[in-house]
Amino acid sequence: MSSTIQPHRRNSKDVPPRLASHQDAILMNPGPPALYQLNTDRTYIHGNQKKVRRWTYGRRDRNKQNKVILMVGETGAGKTTLINTMINYLLGVKFEDEEFYQITEEEDLEESLTQTSEITVYEVFVEENPTSLTIIDTPGYGNTEGYEKDREISEYLIRLFSDEDGIHYIDAVCFVMKASQNRISGKELYIFHSVLSLFGRDIENNIVFLVTHSDGRHPRDALSAIKKAQIPCRRDGKKQPVHFLFNNQQKEKRDNLSESVLNSAWEMGDESMNEFLTLLEENNRKSLQMTLDVLKERRRLEACVSNLKERITEEELKTEELTGIQEAIKEQRD
């Protein structure tokens with residue numbers, strides 16, 4: 001079940017011809033690179049609650065090979081830019097085009113604080129590309145509001161996985177982290193295990209790392225941190241965690257001094273995306289039925305624990321009441 005969201009769209013009639021978008025998009029900044037906001041069809045999955053959003057770009061084509069990935073990561077790791085980088089790769093955008101498209105929308109601080117538990121599903125269908133991509137973005141894990149917010153996210157994932165129009169399989173779980181990190185923070189470790197607890201043990205071979213803010217060198221610090229934290233994941237032939245490098249500078253303003261560096265960064269992202277999508281071509285898809293069963297069982301156990309706590313509280317009150325009566329009787333005898 002889904003309901004429609006009406007997106008805010010800007011008037012693009014006055015855009016200069018040289019900045020006219022090659023996609024269905026609105027010019028946000030002339031750049032270079034010119035920054036565009038993709039026009040998406042927006043709906044809610046499980047529409048009554050409005051906590052799981054689906055933003056679709058392009059005409060949905062069930063005949064295309066669709067890949068589904070779940071993205072998780074701590075705030076500030078560069079997940080939003082990474083999502084947009086993936087979208088630009090699918091659109092076939094090159095560095096020399098001097099364009100960058102974004103499917104996400106930046107929110108002001110007050111708005112983002114009130115929406116931390118929303119899950120957004122981004123779908124991209126490009127006519128010229130035989131592969132479509134679905135990205136499940138889960139902001140809010142490890143939220144400062146604690147366990148209650150994280151439990152809400154699990155509830156929303158249940159809705160996403162169980163809804164007739166929802167997501168029923170997954171190709172990869174992608175943890176986003178910075179290349180410079182030399183340790184996994186307690187908050188990040190909490191995020192990792194919160195997500196891992198949603199899946200069966202067979203998900204390990206679907207877990208990969210997307211390393212952001214990379215200079216292109218071997219991410220020694222990040223890989224060392226993953227090893228120390230003993231995070232289960234897919235391994236390569238050298239027993240190293242499978243990872244892909246990204247720079248997160250695609251929107252940086254270009255000039256003669258930065259042109260070469262930014263070009264190299266863009267090419268590194270393209271190479272990583274090519275390798276990542278090649279990996280996804282493996283027949284390694286996982287059904288989410290087991291995950292759905294895990295989430296439902298967790299919900300049942302939490303209800304049992306809550307009920308048990310209520311019963312314990314009731315018994316404690318009765319015990320206190322009985323103790324009071326016994327003490328009163330004793331005083332009367334004395």
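Strands (E, at least two residues) and helices (H or I, at least four) are DSSP runs, numbered from the N terminus.

Strand β3 (residues 34-38) runs antiparallel to β2, and 4 bridges join them. Within β3, Y36 is the bridge partner of L27.

Axes are lines fitted to C-alpha atoms, for helices over the stretch in contact, and angles run from 0 to 180 degrees between N-to-C directions.

The axes of α1 and helix α6 (residues 259-280) come within 10 Å and cross at roughly 80°. The two helices α1 and α6 are therefore roughly perpendicular (65 to 115 degrees). M86, Y89 and L90 of α1 make the contact with D270, M273, N274, F276 and L277 of α6, where contact means heavy atoms within 4.5 Å. By class, this contact has 6 nonpolar, 1 polar and 1 charged residues; Ala, Val, Leu, Ile, Met, Phe, Trp, Tyr, Cys and Pro count as nonpolar, Asp, Glu, Lys and Arg as charged, and the others, Gly among them, as polar.

## Basis of the values

Residues are numbered from 1 along each chain as its sequence is written, and side-chain values use heavy atoms, leaving out hydrogens and water. As the model is predicted, local features need pLDDT of at least 70 and side-chain atom pairs count only at pLDDT 80 or more, whereas totals for chains, interfaces and linings use all residues.

Terms used
Pairing = 2+ DSSP bridges. Parallel < 35°, antiparallel > 145°, perpendicular 65-115°, else oblique.
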